[in-house]
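Please look over the sequence and the model that follow, and keep both at hand while reading.

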Amino acid sequence: MASPLSVLITAEVNEGNLSPITLELLGSARDLAGKLGGQVGCALLGSGVADVAQQIIAHGADHVVVIDVPALQDYLSDTYTSVMETVVRQTDPEIVLMGHTSMGRDLGPRLAFRLGAGLATDCIELDIDNSSKQLLATRPVYGGNARATFATDTHPQMATVRSKAMTPLPPDPSRQGETVTLSTMPDLTVGLTLSDRVKEEVKGVKLEDAPVVLGGGRGLGGPEGFQQLDDLARALKGAVGATRAACDNGWWPASSQVGLTGKIVAPDLYIAIALSGSSQHMAGCSGSKTIIAINKDPEANIFKESQYGVVGDYRQVLPAFAKRVKDLLEK
Amino acid sequence: MPKLIVCAKQVPDPEAPPGSLKVDTSANKVVLPASISPVVNPYDEQAVEAALRLKDALGGSITVISLGNNLQRDVVKKPLSMGADELILLEDPAFEGGDAWSTVTALAAAIKKVGEFDLVICGRQAADWDAGQVGLGLAEMLGLPVISLAQKVEVMDGRVRVERVIPDGYEVIESSLPALITVSNELGEPRYATLKGIMAASKKQPAVWTPADVGLDASQVGEVGRKSKLVRLFQPTKEAHCEMIEGESVEEAGTLLADRLRTAKVI
């Protein structure tokens, strides 16, 4: 590559489509590369994924390194770490970014330790220091009660980025970029074996994509409360999420947990019902456009995070609220 | 019978009410009020639980390693009272102010000193800095296969079988031993300490190791051994104002809330 690579991102492809996080990373990478005067590269790993390279260029990449082999069909820690190590050594970027996703949570730390690179995980803000030209990576710490900005003297500098924290660029189909392959492939024989994958069936709208999310907490008291939420969610064409406490109690599937260790949602409307608004939980929904709260404890933290609130037992408030919402939607 | 090592960190209680924590921005340090007491990181307690379930099924031994300075004995001994066998404290002022890199450097040296083992088990992340790097980094530094975010861990026929949490369910991954596992909260509640366990733990004295004891120079650990520099620590300002909807009854408040959302064009 002729000009230096400022930022390398790792793409994620889900059932043939680029994941939203990839577009968000490209938007952020373009901004950072602009401040450094270099180019944006993207590593595209998978099997049968080469088709999306053009889309990656349209969304902001100058180079796409395509590693399209059957062995990379599924994310497996060993193979992906080895391939990414090779990509980074070949392309020599200043900065390596990936999503703080199921993949990035595993791949990011392994790659950083293999490369001896400083890494900031789960970042919500990235910038370049004017004088040092180093990456400034800001992330929530102490369960969201504080924020920390990190820099590092290592080469490369690494960060994983929280979903929905960055803004994608509108696609420009006329953008020019090149696709390249790896000059040498690492050994992809691994000690780990993936023997099964068990998917929980999701009915209705996918939680991360839902325009309306109803979140239920410990105060619902059991799985019956969640049925009420589910009923209202259908009327609103939304989805139901839950706090860690509710999921750990088995009241709602763990795959619908919203929070620091679960899903990140940023719907137009988040309806928080019988949940206290712990930092752990808010880390997963604080990006929502409007948050409303129904809670019997007037001191609950969730009211500090909400635009509208009702103090009262959800068993009394929710049926009346749901009925009126349904009436209004029918009008 | 498997020989298990668990890494457990002492952290400020993450269940403390949000907002009680303050930041000294001039020193870039968190100021904890006396009301927030230290606990074993909850994810690490689940790592202890995963080890105990293996021990229940297969026998074996559990060695817990905790790193820090001024570790409170009644806190860091909790894994012993749950049923772990040994406790090693990497405790020295030199360990203070570390990041994932310097922590992993020290833990890797300590694990090498412990010697033979089948599994190292870590929590997915610590509830204070929430970085989630130490377990995976430790595997890299020790050259071990690693499976992260386990909800179930089984050992059979000299291999480890893990149910690994993925966004829409879980996958089953197997590895040869020795290996490193990080545990996710889906594993389930850790057990309570029994009275018998508490009595036994009170009699046990942890081994205390300094950097020199694990063959490290003080310049490799703690604040000076960091790869990442903390540039700024601050608290985001909140300007949220919640409009409380009230009615003659709470039911009416529910109805009025729906009306308010309509006039605000939210629904």
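Which way do β9(B) and strand β12 of chain B run relative to each other, parallel or antiparallel, and how many bridges join them? In this predicted model, β9(B) and β12(B), the latter spanning residues 179-183, run parallel and are joined by 3 bridges. Within this pairing, B:A150 is found opposite B:V183 of β12(B).

The two strands belong to an open sheet of 10 strands with mixed pairing, whose order is β13(A)-β11(B)-β10(B)-β9(B)-β12(B)-β8(B)-β1(B)-β6(B)-β7(B)-β13(B). Its edges are formed by β13 of chain A and by β13 of chain B (207-209), each of which pairs on one side only. From one strand to the next, the twist averages 30°. As a general point for reading such a sheet, side chains in a regular strand alternate between its two faces.

Chain A has strand pairings that can be followed from β1(A), which covers residues 5-10. Because 6 of the 6 residues of this strand are buried, β1(A) is largely enclosed by the rest of the structure. It runs parallel to strand β4 of chain A (residues 39-46), to which 5 bridges join it, and in this pairing A:L8 faces A:G41 of β4(A). Strand β6 of chain A (residues 95-99) also runs parallel to β1(A), here with 3 bridges, and A:V7 is placed opposite A:I95 of β6(A).

Rolling a probe the size of a water molecule over the atoms shows where empty space is left.

Charged side chains are the last topic. Side chains of opposite charge can pair when their charged atoms come close. Over all chains the structure holds 33 salt bridges. In one of these, A:R110 pairs with B:E140, with 2.9 Å between the closest N and O atoms; since A:R110 lies in helix α4 of chain A and B:E140 in helix α5 of chain B (residues 134-142), the pair joins two chains. Both A:R110 and B:E140 are buried. These two residues are also part of a network of salt bridges that links them with A:D78, A:E85, A:R89 and A:R114.

A salt bridge also links the side chains of B:E171 and A:R197, at 2.3 Å from N to O. This pair crosses between chains, going from strand β11 of chain B (residues 169-176), where B:E171 lies, to strand β13 of chain A (residues 193-199), where A:R197 lies. B:E171 counts as buried because its relative accessibility is 2%, whereas A:R197, at 33%, counts as partly exposed.

Within chain B, the side chains of B:K9 and B:D128 form a salt bridge of 3.1 Å, N to O. B:K9 is in the loop between β1 (3-7) and β2 (10-12) of chain B, and B:D128 in the loop between β8 (119-123) and α5 of chain B, so the pair ties together parts that are 119 residues apart in sequence. With a relative accessibility of 31%, B:K9 counts as partly exposed, while B:D128, at 5%, counts as buried.

How values were computed. Residues numbered from 1 in each chain as written. Chains lettered and ligands numbered in written order. Predicted model: local features only at pLDDT ≥ 70, side-chain atom pairs only at ≥ 80, totals over all residues. Heavy atoms only, no water. Buried < 20%, exposed > 50% of the residue type's maximum accessible area, 1.4 Å probe, protein only. Helix = DSSP H or I, 4+ residues; strand = E, 2+ residues; numbered from the N terminus. Pairing = 2+ DSSP bridges. Salt bridge = Lys/Arg side-chain N within 4 Å of Asp/Glu carboxyl O. Axes fitted to C-alpha atoms, helices over the stretch in contact; angles between N-to-C directions.
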